[in-house]
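Please open the model in your viewer and keep the selection panel at hand. The tour below moves from one selection to the next.

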Amino acid sequence: MKLKDLFNVKNASAALLLVVALLAGSCSKEKGIGNGDNPPPAGQPVSFELKTKLDSVYPVMLAPDSVFKLEYAAEHVKSVSVADVPSGWTADLDEKAGTVMVKASAEAVQKAKITLKAVGEDTKEVTKAVEFYCLNSFTDPKGIFVLNEGNMTTENGSLTYITPEGYVIGDAYKAVNGTELGNVAQDMAFYNGKIYVITQNGDQNPVGTKFVNDGMLIVMNAKTLKKEMALSKTDLPGLDWPTHIAVLDEAHVYLRDNVGIYRLNLQTKELKLVSGTEKAPKSQFVVMNGKVYTYKTGLVGGILEISPESDQAKSIRFPFKLSCPINTVLGIKAADDGDLWLMSTGNGKKAIGKFNLASKAIIQRQINVTPFVGSSGVAFAVKGKDFYYVDGKNTTIYRMTFDDNKELDSASGLEAEKLLCELNDIDDNAGLLYNGMAVHPVTGHVFINTIKGYAQFTTNQIWEFDFDASTETPVAKYENYTHFPAGFFFAPNNN
């Protein structure tokens, strides 16, 4: 073979190999083999954020039938959807507007988590979960109500609620109703699935300033706090600064004012003064065995018993001869066995007594300090036989466990008294106690209200202590929620 011919064969072979290679490469690209089996270039990474500012600790509190607008920003997404919508809740999504309108019914489950899911152009998913809490039930016996007077000259009253989880709703009544309680709220009572709140001034304070509120006496549903009845100052003519309330039924609602105790018939709106209750003390009633109890002080002092059969109070006098004479009663509460606990002073002695209404016998135990009695008339808190009270001169908390052994001398209480803590040593802003100590009937925890001072009342504390666990470290401390608190109240435990 000639050299020229050999050269042409080599060129032809090379050309053939080149064509085969090009054809093979083309086929490989079509099958994806030439790209190392990788997919085509993906879209941009998804960007999905909530624009609505949310509390980092508390869920979104939502009254039934009100709407919460949740806004979001989304880029490079194929779709946005809502997942995990619990029973009784709705979440209407508007992708164009970037909003979700969240709503709960009165029957909704109370605690809900609603999840938003964005699917990106790159098919990756991003989720955002939002916790909600529906204000549709306030009957849990572990909850806590704090009734607030409000500033007499500028504010209406309010009703703070602390959920069993420890969430605080500053004014639960307003959150539910959109309106406010009357000026200087004083006391509240539970009866037959309803809550009754009495206010001192209603819609007009003593200097004539008018307020926009729901009046002097408000009746609400105990489960939902929805207003069912509201009576203004003009609906209750003649009442002079009412302070306390007790309810036996709708025809027997008892209101204490500067004159005495009136019976209000809510069916007829008639007010009638209960004979024998003139100058009744500014102190909380005891409701027990279908009757209402308060007291009178002085040398012939005793317990006043009001029954629905008569508009005249029955006087049950204290024994004249006592180891600790009773000249002044500071307060009364119901004992577990049908007796009455009472705190008193007389002849320089301070004492806690257990009074039997039938026999009129009293077992007394002395204490060392004169307890503080706020304007709401609450001198002490008690659960079982454990009494809690505060030195009237400061914020020192004491406990005395009552021993009802009749053989013991009344002075035995002096040694039984224990100093638990000084709140001002724990917090400099706890300047003084304001209306109230209470023991939670379910947990046994002690609740105390303090404020920095009368002029600095917006700096305040709600203390929760388990004194069996610690006398220095509270279970919880809720700061700057109250506005001159009138006291603590607890839903009845009907279990």
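Predicted model: local features only at pLDDT ≥ 70, side-chain atom pairs only at ≥ 80, totals over all residues.

Residues are numbered from 1 along each chain as its sequence is written, and side-chain values use heavy atoms, with hydrogens and water left out.

Begin with the salt bridges, each being a side-chain nitrogen of Lys or Arg within 4 Å of a carboxyl oxygen of Asp or Glu; by this rule the count comes to 15. Select Lys354 and Asp337, whose side chains meet in a salt bridge at 2.6 Å, N to O. Lys354 lies in strand E26 and Asp337 in the loop between strand E24 (328-334) and strand E25 (340-346), so this pair ties together parts that are 17 residues apart in sequence; strands here are DSSP runs of E with at least two residues, numbered from the N terminus. Lys354 is buried, with a relative accessible area of 9%, whereas Asp337 is exposed at 52%; buried means under 20% relative accessible area, exposed over 50%, and partly exposed in between, with a 1.4 Å probe and protein chains only.

Next, select Asp311 and Lys272, where the closest N and O atoms of the salt bridge are 3.7 Å apart. Asp311 sits in the loop between strand E22 (302-306) and strand E23 (314-317), and Lys272 in strand E19 (residues 270-273), so the pair ties together parts 39 residues apart in sequence.

Now turn to the surface and select Lys296, Lys314, Arg317 and Lys360, which gather in a patch of positive charge. Such a patch is made of residues with over 30% relative accessible area and no salt bridge, like charges being joined within 9 Å. Lys296 belongs to strand E21 (residues 291-296) and is partly exposed at 32%.

Stay on Lys360, in the loop between strand E26 (349-355) and strand E27 (362-367), where phi is near 65 degrees, a positive value in a residue other than glycine. Then select His76, in the loop between strand E3 (67-75) and strand E4 (77-83), which also has a positive phi, of about 60 degrees.

Finally, select Cys134, buried at 0% relative accessible area, and Cys421, buried at 6%. How many disulfides are counted? With a disulfide taken as a pair of cysteine sulfur atoms within 2.5 Å, the count comes to zero.

Terms used: Patch = residues over 30% accessible without salt bridge, like charges linked within 9 Å, V, L, I, M, F, W, Y side chains within 5 Å. Areas by Shrake-Rupley, 256 points an atom, 1.4 Å probe, with all protein chains shown as cover. Lys, Arg positive; Asp, Glu negative; His and termini not counted. Charge placed at Lys NZ, Arg CZ, Asp CG, Glu CD. Helix = DSSP H or I, 4+ residues; strand = E, 2+ residues; numbered from the N terminus.
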